[in-house]
Amino acid sequence: MYYDIIKLLKGRRLKEAVELLGLLASDSGNWQVKSEVENLKTTYGYMLQYAAQGMKDPERDKMYAQLIRKSYELADRAEYSRNNMSGQGHHSDLFRTFKRTPPPTYSELCLTLESITEDMGVVPLMVNDEDQRRSKMKELGIRHEKAVDTLFEKIWISDGWTDEESKEAHALLRSVLIPANDLAVMISAVTVSLLGIFDARKFQFLLTAYNEHQEELITQRALVGITLVAFHQQDRLALYPEFIAALSLLAESPHALKQLHNIQILLLLSRETVKIDKKMREEIIPQMMKSQQLNKADFSITDLEDLEDMNPEWKADMEKMGERIRELSELQMEGADTYMTTFCQLKTYPFFFHISHWFYPFDKQVPEVAALFETGQINDKSLINLMLNSPLFCNSDKYSFCLTVNSIPPSQRQALSMQIDEQNDWMKQNLNSAEEQANVICRQYIHDLYRFFKLSTFRKEFNDIFSGNMSLWECTFLRPLILTEEYRKPIADYLFSKNYPEEAARLYKEQAGLTPENVEVWQKLGFCYQKGKQYTEAINSYIQADILKPDHLWTLKHLAQCHKRMQNHQKALSYFRHIEAMQPEDLNLLMQIGQCLAELHKHEEALNYFFKVEYLSKKPAGAWRAIGWCYFMQHKYEDASRIYEKLCASEEVRFSDYLNAGHVYLIRNMVAQALERYRQAKDLCKSYDEFICAYQADKDIMLEHGITEEYFYLIPDLL
């Protein structure tokens, strides 16, 4: 019924939608929604009567838009109530609990949090006894945590704020006594709620938080929330011109545009997390376990200087692992989530049984971790403290780390509390500017969100916002903010570098229209099309690049390759010949020319090129294959056999070499030799079916060389 109502509203069939809405409201059990639907019916009934009488009303269009908007809101709320009254899961249970026992109002929660803040400031001054002071602070910490959790849950569960609730929430936001960490959790609650059910007052709350607050922790979370909600609730947002106008105002702020660009790149980077996780599990961790030297208890960094004395296999393993770690380090510096694998198993502590805790900014005073810092062992230069202050770890992972440290014996914990002299170089070099601090807050928050939607026990109650492509520019209202003149090409370059050619091509095409004189854009556009096997479009792009910068080797080579892929060997040959004049000794180029000539049945001329490659190359196997094929096509079977035998005896022999050698012997009626080579080809296949498929693919060629069809099919049965 709900989706029928939405369909009718999209078609602007308001009368039918309102009738169905009345039935849905009755099923929802929400008397308030039912009452509002009745008022909506009455209002629309009067509008229809006035219209039937031909009365002019300058406010009619505005009123109609408001009724459409109100109908959407009521449909959402009715369906929300109906689902939760009978649904399963933590959300529905909490919904029903709050129906029976309403939580405190936002004003009451505000007073509670303010009083706790004041008490936390007074207790250290008023209580001299250390044990009493700790006990009081612990009690306040528990009360504080409970109040923040209740605030989160109240926001998450609500289907929409009333005007009074919105007013109270804004007062809480503006309170000078409410810590920024509490407001950050509140903003996360609003965001999570909006992703489930759109509420205009809550969205306005995010806009207010971003525009009015000074704390980066608040503004960054608010901006992330605004972008995610706009992206995932685009249809609802379209009903509110005031919000579209508010978003468009962000375009006037270079600071806001830069922050949005940072958010976009970080969201795109979240796509790489699965790849990084796979690389960690399948390559780096097994490599570390495999390396005997790394598993030695007495192995130290200084041993790296003695690699020349190690087993060469150890050295190769360590060099390979070093390369993988360098790749991860580069991704880490970009802002990629490289610690998901490390911490994903550490989210089962009771701390994470509360949904709000997944969004807590890291705070040493949170009761579950406070005890770790009370003994005085964790000082400013301890390994634990440096890790917790590092910008590379998100808030959720820092809590996981502390909870893990809490669970190990004090004797082992001492090793983690040791003094170290080196500070985090990355922190010293990059956290000096307010801009970089904002970027770190944003990155950590997005990593927190990723863990919530991927790892939390609550994830099944949400649509995974990270399951899509996270391309914010696909939202009509975000597009002009994301694809600005300054940032369109960098985003395209990012997609290009991460091997997303289709998306990159769309952006490069737009950029080419704006800056048609940019050779690099045309080249990259062509390359994206080429990777997507859109060779005609690739050729057109490369031609534009060639016009702007004639005789560029890279462009000419790719033009030739595209023509070759399209089987236009004569055109490809003309480009390769042009390149040959500039690079006469390029062996790969000579092979390409030979291949084109062979496809054009100019085998003698092709052989001249292949012989030259054979002579100059240190690894002539590729040239031998081409020479053998040319001899075969020229019916020079003895010469072909001689070449294929060289291949079969080489270390670079392939399945196709054995197969082709078998073909030549079969044509020469040397059946025993043919069967031997076919058996060797079969042994390199994963299955007999794979061999048969490859063998039969050459049927037409073998028929052209005099083998009958019946004889051709008989041969595999002799193996």
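In helix α11, Glu 216, Gln 220, Leu 223, Val 224, Thr 227 and Leu 228 meet Gln 259, Leu 260, Ile 263 and Leu 267 of α14, contact being taken as heavy atoms within 4.5 Å. By class, this contact of α11 with α14 has 6 nonpolar, 3 polar and 1 charged residues, where Ala, Val, Leu, Ile, Met, Phe, Trp, Tyr, Cys and Pro count as nonpolar, Asp, Glu, Lys and Arg as charged, and the others, Gly among them, as polar. The model is a predicted one, in which local features need pLDDT of at least 70 and side-chain atom pairs count only at pLDDT 80 or more, whereas totals for chains, interfaces and linings use all residues. Residues are numbered from 1 along each chain as its sequence is written, and side-chain values use heavy atoms, with hydrogens and water left out.

The axes of α11 (residues 216-232) and α14 (residues 254-269) come within 11 Å and cross at roughly 65°, so that the two helices are roughly perpendicular to each other, and their crossing is right-handed. Helices α33 (residues 603-616) and α34 (residues 621-633) have axes that come within 9 Å and cross at roughly 155°, which makes α33 roughly antiparallel to α34 (over 145 degrees counting as roughly antiparallel, and 65 to 115 as roughly perpendicular). The crossing of α33 with α34 is left-handed, and the residues of their contact divide into 12 nonpolar, 1 polar and 1 charged. Among the residues that meet there are Leu 607, Phe 610 and Phe 611 in α33, and Trp 624, Ile 627 and Tyr 631 in α34.

The structure also holds 3 cavities of 30 Å³ or more, a cavity being a set of points, on a 1 Å grid over the protein atoms alone, where a 1.4 Å probe fits but cannot get out, with lining residues having an atom within 4 Å of a point. The largest cavity has a volume of about 70 Å³; of the 13 residues that line this cavity, the closest to its centre are Ala 336, Thr 338, Tyr 339, Leu 392 and His 447. Helix α24 (residues 434-455) gives the most to this lining, with 3 residues, and by class the lining has 5 nonpolar, 4 polar and 4 charged residues.

The second largest cavity contains about 50 Å³ of space and is lined by residues including Leu 266, Leu 269, Asp 337, His 447 and Tyr 450. Both α14 and α24 supply at least two residues of the lining of this second cavity, the largest share, 3 residues, coming from α24.

Terms used
Axes fitted to C-alpha atoms, helices over the stretch in contact; angles between N-to-C directions. Helix = DSSP H or I, 4+ residues; strand = E, 2+ residues; numbered from the N terminus. Parallel < 35°, antiparallel > 145°, perpendicular 65-115°, else oblique. Left-handed = near helix turned anticlockwise from the far one by under 90°. 1 Å grid on protein atoms, 1.4 Å probe; cavity = no way out; pocket = protein on both sides within 12 Å on 5 of 7 lines; lining within 4 Å. Points joined across faces, edges and corners; volume = space filled by probe spheres on them.
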